[in-house]
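Subject: Structure for your review

Dear colleague,

Please find the structure below, followed by an account of what was found in it. I would be grateful if you read the two side by side.

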Amino acid sequence: MRVHRAVYVRGLRRHTTYRAATLAGILTNCVFGAINATVMLALFAARPHINGYDAGDAVTQVFLGQALLAVVAVMGPPLELGERVRSGDVATDLLRPVSLLGWWLAEDLGRATFSLAFRAVPTFAVGLVLFDLVLPGDPLRWAATLVSTVLAVLVSFALRYLYELAGFWLLDSRGIWAVAGLLGPVAAGTLLPLPLFPPALAEVLRVLPWASIVQIPAEVFLGKDSLPGGTVLGGLALQACWAAALLSLGAWATGRATRRVVVQGG
Amino acid sequence: MADARVPVFRPVRAYLLLAGTWCRALAQYPASLVMMTLATSLGVFAEISAVLIVFGHAGRLEGFSLAEGLLVAGLAATAFGCADMLLGNVENLGEHIRSGTLDVMLVRPVPPLVQLATDRFAPRRLGRIVPGTVIIAVALVLCDIDWTPGRVLMLPVLLVSGTAICSAVWVVGACLQFFVTGAREAANSITYGGQALTEYPLAVFGRDVVRAATFVLPLAFVTWQPALYLLDRPDPTGLPDGLRFATPLVAVVSCLAAAACWRFGLRHYRSTGS
């Protein structure tokens, strides 16, 4: 556990170095948030209610999505694990007396903690200034949103870990990222809130793990009854199930992958 | 020597040669190239589906119907796709400065901008241009357009102008990296952000944004003014209708401004020395 804590702290501290990049990232998130939010406002001006969403809900989700984008890294950057599989450096990782999954999870949680404080909070604050966002009045719902965000990071980490683990078989995970980096954000609800999709498609996307990365946290924040079971707890349970299932799959696949590994010397 | 007499074409020849070399290199892995191209196309389909969904719910936005919205989105995808393919790699400037490879480019007898643009030239970006043009074609059939000879002739001019403006935006965005390290993501807000902005009829964003995109960063001439011209609409934000005819001129001016930025940036470049 001490090792993991040390890796977590280093992951967190490492990202504090790139201050200019953090500011630039916030700027980009805000620009995209403003563009998408304006499109949503124009759409809802034409049709005030669509599948249970109104203008306030949609604009809030747009900014939540932009705020979470860096935290859950759904559009990248990929875990460095993939590059290490390609270069063979993963051999060093496998020599360590801690599990591969635990090591990278600790590192990624450090990154996510930094992003939550210094990317998500400022981005959402800018959204609050520019647009009429809907805020939960109930402090419990704020707490639920925080839990939901942590679960979103776990689900997203597990998915990104699996993408990179595929590199053990494919030798190059960039092809997977080329597809997952495009379709993941769409299925997560960052391109458009999922309720705007055709209902049949939305129902399918809603139960897939990607929805747990942005759509479910947004609905928890908004207190929507479209969550599984109609309650916030149902949403959190769905996320927890995906996190547990995908992390177990990751742990199992790690065992299979390391049995395949052939490291060429040099 | 033909190219000694027409020195203007030498950078073009160098560009084609270097880009061709990268294409040949990537063609060694045909399966990978095809899959990456299809993945790029998926991105266009996702964006276009979003536009379709928005127009499907709204019916009309700022007087634009679904087919007309599709025309705007198709123009945006094509113009940005072409600019991305021709000059998109300039966004790696910061990386070249950091690692010192820009210094290597400066001593070679080929303009550094050409080398920068062709470094890791990516033919997979055709996956953006081809669906973009197909969408334009479909939208042009669906829209009710009064096809005068002028409109037919202007269509390629508008596409070239849009590409030129987007390319200029890419170069200006890259030039920021001469002065601010880590500006790459900030540049994304005008390059990819610009694409997101031009994907919808610009009037959606309100008068101030339309004015800024007309007079400051001329993104209005990528899709908005061309669409107004093709559909023969008055400008709903009250700007003069004559502006749409300025599109080619704006393209030329943007390219000159981008070239000036590039020269200014290059003159103030100081090697990291690593």
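The model is a predicted one.

On that basis, chain B has 13 helices and zero strands. Read from the N terminus, its elements run α-α-α-α-α-α-α-α-α-α-α-α-α.

As to overall form, the C-alpha atoms of chain B occupy a box of roughly 55 × 40 × 40 Å along the principal axes. The radius of gyration of chain B is 19 Å, which agrees with the value near 19 Å for a compact globule because the chain has 274 residues. Of these 274 residues, 43% are buried. Among contacts in chain B between residues at least 6 apart in sequence, 78% link residues at least 24 apart.

The largest nonpolar core holds 157 residues, and those touching the most other members are A:Met40, A:Leu68, A:Val155, B:Ile165 and B:Val171. Helix 4 of chain B (residues 66–87) contributes the most to this core, namely 14 residues. Leaving aside residues up to four places away in sequence, B:Val171 touches B:Leu87, B:Val90, B:Ala258, B:Cys261 and B:Trp262.

Where the two chains meet, the contact draws 29 residues from chain B and 27 residues from chain A. On the chain B side, helix 3 (30–58) and helix 10 (184–198) are the elements that give two or more residues. Helix 3 of chain B supplies the largest share of that side, with 12 residues. By type, the chain B side consists of 18 nonpolar, nine polar and two charged residues.

Yours sincerely

How values were computed. Residues numbered from 1 in each chain as written. Chains lettered and ligands numbered in written order. Predicted model: local features only at pLDDT ≥ 70, side-chain atom pairs only at ≥ 80, totals over all residues. Core = buried A, V, L, I, M, F, W, Y, C linked by C-beta atoms within 7 Å. Buried ≥ 20, exposed ≤ 12 C-beta atoms within 10 Å, placed from the backbone. Helix = DSSP H or I, 4+ residues; strand = E, 2+ residues; numbered from the N terminus. Contact = placed C-beta atoms within 7 Å. Nonpolar A, V, L, I, M, F, W, Y, C, P; charged D, E, K, R; others polar. Rg over C-alpha atoms; globule rule 2.2 N^0.38 Å.
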